[in-house]
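Let's read this one together, feature by feature. Have the viewer open and follow along.

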Amino acid sequence: RAAWQMAIRVEHPFRARLYDVYTDVDIDLQITGAISQRKNFVQRKSFKIVNKKDKKELPEITEIFESEWFKNFVSLALDSRYWGHSLIQFGDIVTIDDKRQFQNVTVVPRKHVIPEYGVIVREVGDLPARGIDYRTGDLARWCIEAGAPFDLGLFLKLAPHAISKKNMLAFWDAFGEMFGMPIRIGKTTSRDQKEISKVEKMLEEMGAAAGGMFPEGTEIEIKETTRGDAFNVYDQRIERANSEIAKGILNSTMTLDNGSSKSQSETHLEVVQNIVETDADFIRDIVNNRL
């Protein structure tokens, strides 16, 4: 929340802290799977460039877009749905196999971009007044904006669930470390420190083939945990986080997780396809109006 408030300051918007949170969110496997599914549906779509007047295809121009640089551009533009506003920069124009294309397509480091003012700053945290305008002049010819200037992306809504999920996984690991294995208790009547140390060492070294020679008067007790259902505290919370994440990205859960019936799964797939069509329309508008 503190990072969010810093990002929406009016006079000096500062998104760097929020992007640090987003970087942690981006490695969540449920989020990775849902985003990959949504992006792959869009990127697998075929396309063609047509004449605006007669709607006839222009194959020589379509061929220009059938290149790696355009696929990278589409991927980076779709990322703006999650990261929020993204400034995409094009590299030099080169000729490879008699085909002119951009050498590379990259995202300008987000922490250096202040989209609310349309500037790039040299140092993270600089005031907008010290930035370089990328919407006019030479920079405007080599940069394209994806997403609205004030858009903070879907990661803002996913972050609370991803953070809570990460915490619950850590707590579950701690629980497993403390209570997952039975506790071994050794009792001895000996007062000889050497004998006591010997018993301690044997307890530490007891592995899968547990056994040992203990001094007379030594008792070994195995203490099992009685919390047989404790995992539900963690597992159910993680499952709920996963379902909320799936709803946020795909507006459904059954295209990622097991469904209860074929008809329900097909309904969920239709919902996802509606989102895919919206993303495809988003790409078409950027290509037609900006690229």
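Q: Where is Glu57 found?

A: First, a word on the model: it is predicted, so to speak of local features we need pLDDT of at least 70, side-chain atom pairs count only at pLDDT 80 or more, and totals for chains, interfaces and linings use all residues. Residues are numbered from 1 along each chain as its sequence is written, and side-chain values use heavy atoms, with hydrogens and water left out. Helices are DSSP runs of H or I with at least four residues, strands are runs of E with at least two, and both are numbered from the N terminus. Glu57 sits in the loop between α3 (29-43) and α4 (59-65).

Q: Which residues gather with Glu57 in a patch of negative charge?

A: A patch takes residues with over 30% relative accessible area and no salt bridge, and joins like charges within 9 Å. Asp and Glu count as negative, Lys and Arg as positive, while His and the chain ends are not counted. For Glu the charge is placed at CD. Here the surface patch is made of Glu57, Glu60, Glu63 and Glu66.

Q: What is the order of the open sheet of 3 strands?

A: Strands of a sheet pair through backbone hydrogen bonds, either parallel or antiparallel. Two strands pair if DSSP finds at least two bridges between them. The order is β5-β6-β7, with antiparallel pairing. β5 (113-114) and β7 (132-133) are the edge strands, each pairing on one side only. Between β6 (residues 119-120) and β7 there are 2 bridges, and Ile120 has Ile132 as its bridge partner in β7.

Q: How many bridges join β1 to β8?

A: There are 4, and the two strands, β1 (residues 86-90) and β8, run antiparallel. Gln89 has Cys143 as its bridge partner in β8. Along β8 (residues 143-146), Cys143 and Glu145 point one way and Ile144 and Ala146 the other, all of them buried.

Q: How many salt bridges does the rule give?

A: The rule asks for a side-chain nitrogen of Lys or Arg within 4 Å of a carboxyl oxygen of Asp or Glu. The count comes to 12. One of them joins Glu116 to Arg15, with the closest N and O atoms 3.0 Å apart. This pair links distant parts of the chain, 101 residues apart, and both Glu116 and Arg15 are buried.

Q: Which residue forms a salt bridge with Arg81?

A: Asp279 does, with the closest N and O atoms 2.9 Å apart. Arg81 lies in helix α5 (residues 68-83) and Asp279 in helix α10 (residues 262-289), so the pair ties together parts that are 198 residues apart in sequence. Arg81 is partly exposed at 25%, whereas Asp279 is buried at 2%. Salt bridges with shared partners join Arg38, Arg81 and Asp279 into one network.

Notes
Patch = residues over 30% accessible without salt bridge, like charges linked within 9 Å, V, L, I, M, F, W, Y side chains within 5 Å. Areas by Shrake-Rupley, 256 points an atom, 1.4 Å probe, with all protein chains shown as cover. Buried < 20%, exposed > 50% of the residue type's maximum accessible area, 1.4 Å probe, protein only.
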